[in-house]
Amino acid sequence: AHLAPVIASSLAGTKVVWLAEKPFDFRCSILAYPQPVVRLLHKDEPAALRYDLEEYDDAASARLKSLRKADSGSIALVATNEYGEATMKFDIEVVEVPSAVRQLRATEVTDSSVTLVWQAPIDDGGAPISKITIERKAGEITRWRQYETTEPGVCTITLEDLLPDEMYAFRVIASNEAGEGKPSNEVAIITGQAQSASLDIEDLPEEEPQAKKKSSEEEEEDEGEVVKPKEEVKKKRKVVKKVSNRSETMDSIESIPFDDEEIQERYDERKKTLISKVQAKIDVTIPEPASSETESKTDEAKKTEPELNKEEVEQKEEEKNRVAKPKKVKPDTKKKDEEKKVDEEEKAKEA
């Protein structure tokens, strides 16, 4: 016997709400003879969706993959043979998570509370928003924690029981039956400081370059003679390195210029006494660091010295070598002879 296709399914004529990115499976019973050809339509056109379709003797099953909100619409399964055609049709609505909450800001900050205000998401994802979650992190902690929830449609909340003089960051997330949407912008506050109430981490202004400090000459030109406070003078004083090891010489002690003449004199006196103490302990003459005047004199003396010829230089080196060579001392042979004679006489007496 010949039989036109007949399709049976509980989905026929219904509307299904489904979550985005989640595969949707369905199965239909099919009676037909001969075996029908089965097709899948999406919005009354050949399906451009990603799907798998399997045919059996008396049934067909399909899996729709990676659905998005734009894929919402009619789904039809069509079976056709030589004697007829049958269609099973239903609607599917794909739901996504809502978009991010907008323009979060803090309006009132006290020692223990803060009031947050925001705007609702532009897109609810195709399903009504079920709740609003407020998350926070304190201090230098990087992990976000759920702090409070509120009903959908509410766009302000006051958070209490905060610690005084503590830094907090907040963000808000909208949710629907598909899940949580993207978080809002972050807002940072310091309890007790009203000026930080509207601080937005994402829109922080760049630090303004600090104005250059005027030099002392510019200050004198602007204001006449400027008397420097004692604090500025103290900053210019440098600490002299102490000689902690006896083998350390005064060459390691740097000569440091001072603005104050009196301080420079004290430093020089202290330096001399320190040299004498070290010299007395290790019995070594420690040369004092040459001043700029002595260095200039030695440089001038070197310049004024006449240049010597190669022959004169060689003669001077030979003279130095002669003086440096030690004279050979001849051994005293007479004393050795006398000692030998005395030893022989003693041996003869004993014999």
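Reader: How many cavities of 30 Å³ or more does the structure hold, and what makes a space a cavity?

Author: One cavity of 30 Å³ or more is present. A cavity is a set of points, on a 1 Å grid over the protein atoms alone, where a 1.4 Å probe fits but cannot get out. This is a predicted model, in which local features need pLDDT of at least 70 and side-chain atom pairs count only at pLDDT 80 or more, while totals for chains, interfaces and linings use all residues. Residues are numbered from 1 along each chain as its sequence is written, and side-chain values use heavy atoms, with hydrogens and water left out.

Reader: How much space lies in the largest cavity, and which residues line it?

Author: About 40 Å³ lies in there, where a volume is the space filled by probe spheres set on the grid points, joined across faces, edges and corners. The lining is formed by I30, Q35, P36, V38, E55, Y56, D57 and A59, which count as lining residues because each has an atom within 4 Å of a point.

Reader: Why is N81 called buried?

Author: Its relative accessible area is 11%, and buried means under 20% (exposed is over 50%, partly exposed in between, with a 1.4 Å probe and protein chains only). N81 therefore falls in the buried class. Across the chain, buried residues make up 26% of the 351 residues.

Reader: What does the side chain of N81 reach, and where does N81 lie?

Author: N81 lies in strand β8, a strand being a DSSP run of E of at least two residues, and a helix one of H or I of at least four, numbered from the N terminus. Its side chain reaches the backbone oxygen of L3 at 3.0 Å and that of P34 at 3.2 Å. Leaving aside neighbours within four places in sequence, N81 is also in contact (heavy atoms within 4.5 Å) with residues including A4, P5, A32, Y33, Q35 and P36.

Reader: Where is confidence highest and where is it lowest in the chain?

Author: By pLDDT, the predictor's confidence in each residue from 0 to 100, strand β8 (residues 73-81) is highest, at a mean of 96, and helix α2 (residues 230-236) is lowest, at 42. Over residues 219-258 the pLDDT is below 50, and this stretch has 45 contacts in the model beyond near neighbours in sequence. Where pLDDT is low, the predicted coordinates should not be read in detail. The chain average is 76, with 66% of the residues scoring at least 70.

Definitions and conventions. Polar contact = N/O pair within 3.5 Å; in protein donor to acceptor, adjacent residues only side chain to side chain. 1 Å grid on protein atoms, 1.4 Å probe; cavity = no way out; pocket = protein on both sides within 12 Å on 5 of 7 lines; lining within 4 Å.
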